[in-house]
Amino acid sequence: MSNRRSTLARMGSEFALIVLGVLTALAVEGWREGIKEQTAARRYLEQLALDLAYNEEHLESVATGIEERLRHVRAALEILAGGHVDAGAAERLTTLYVASRGGTPALADATFQDLIATGSLRFIRADELRNRIVAYHRETERWAVRNFELINENRVPYRNAVRSAIALEVQEAITGTCDFDAVPLTCAPALDRNETDRALSALRSDEQLPRLLRLWGSSLRTARGSIARLRDPTRALRADIAAALAMD
């Protein structure tokens, strides 16, 4: 009886050691996984902070570009109404052409898309911060669609009307002398006078052109307002991420 008890006790001890070993191994593995997730979360937050820094700078650049486009739209409307008579024909035609320029500026969101695609968003344990990250990027996605992809459709009719009235070689002469990185935009093309007068006459006789141009300008003003609304959330989220990284 005593031997049996001794055997049972030994078996119990061995079983307890096995269980303890398994639990220890699981705890160590869990600790390692926790460290890996914590490291991954920090890496993602650091990259998100870089994306937001880019977005802050990019929003300022886009806002400047919109103001420059609006300046050309206003000048083009005045030209179509018979204004700017002191300007040369080449300068007026260049303004009408440049007013048709657009673009689809994109904010940085590659890190967020990777977080979603890989399921790594769960690594960011702070619920409030995680929710703010999601809300910010969802809003920027809506902004990109609503204010650039969609409103760009309002530019296309004016763009097509203007460029169909201007000979291709004249368009090339205009773009070949424009410094598109400069603010204000500078262009100094030497254009054929006959082609310039013909194009100006065709554009000024197009009764629909001012309406199309006003629609394009209205879309630009809408985009300008949206950019203003995104600036503060971009700065605020970047500050929140910086605070989270400092506490880690």
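Trainee: Buried means under 20% relative accessible area, exposed over 50%, and partly exposed anything in between (1.4 Å probe, protein chains only). With that settled, how many of the 10 residues of helix H2 are buried?

Mentor: In this predicted model, 8 of the 10 residues of H2, which spans residues 89-98, are buried, so the helix is largely enclosed by the rest of the structure. Helices (H or I, at least four residues) and strands (E, at least two) are DSSP runs, numbered from the N terminus.

Trainee: Which residues of H2 are the buried ones?

Mentor: They are Ala89 and then the run Arg92, Leu93, Thr94, Thr95, Leu96, Tyr97 and Val98.

Trainee: Before we go on, what are the ground rules for this model?

Mentor: As the model is predicted, local features need pLDDT of at least 70 and side-chain atom pairs count only at pLDDT 80 or more, whereas totals for chains, interfaces and linings use all residues. Residues are numbered from 1 along each chain as its sequence is written, and side-chain values use heavy atoms, with hydrogens and water left out.

Trainee: How many helices and strands are in the chain?

Mentor: The chain has 8 helices and 0 strands, giving the pattern α-α-α-α-α-α-α-α along the sequence. Of its 248 residues, 38% are buried.

Trainee: And what share of the contacts join residues at least 24 apart?

Mentor: Contact here means heavy atoms within 4.5 Å. Among contacts between residues at least 6 apart in sequence, 84% join residues at least 24 apart.

Trainee: Let us turn to H3. Which residues are buried there?

Mentor: Thr111, Phe112 and Leu115 are buried in H3. Seen down the helix axis, these buried residues fall within an arc of 100 degrees, so they line one face of H3. The arc is that of the directions from the helix axis to the C-beta atoms.

Trainee: What is exposed on the other side of H3?

Mentor: Ala110 and Ala117 are exposed there. Aspartate 114, also in H3, is partly exposed, with a relative accessible area of 32%. The C-alpha atom of aspartate 114 is 9.2 Å from that of tyrosine 44, although the two residues are 70 apart along the chain.

Trainee: Which residues of H3 meet H4?

Mentor: Phe112, Gln113 and Ile116 do, and the H4 residues they meet are Ile133, Val134, His137, Arg138 and Glu141.

Trainee: What follows H3?

Mentor: Glycine 119 follows H3, and its phi is positive, near 75 degrees. Serine 120 lies in the loop between H3 and H4.

Trainee: Serine 120: buried or exposed?

Mentor: Serine 120 is buried, with a relative accessible area of 7%. Leaving aside neighbours within four places in sequence, serine 120 is in contact with Tyr44 and Leu115.

Trainee: Changing topic, where is alanine 49 placed?

Mentor: Alanine 49 is in helix H1, residues 2-80, and is buried, with a relative accessible area of 17%.

Trainee: What is alanine 49 in contact with, leaving aside its neighbours within four places in sequence?

Mentor: Alanine 49 is in contact with Arg238 and Ile241.
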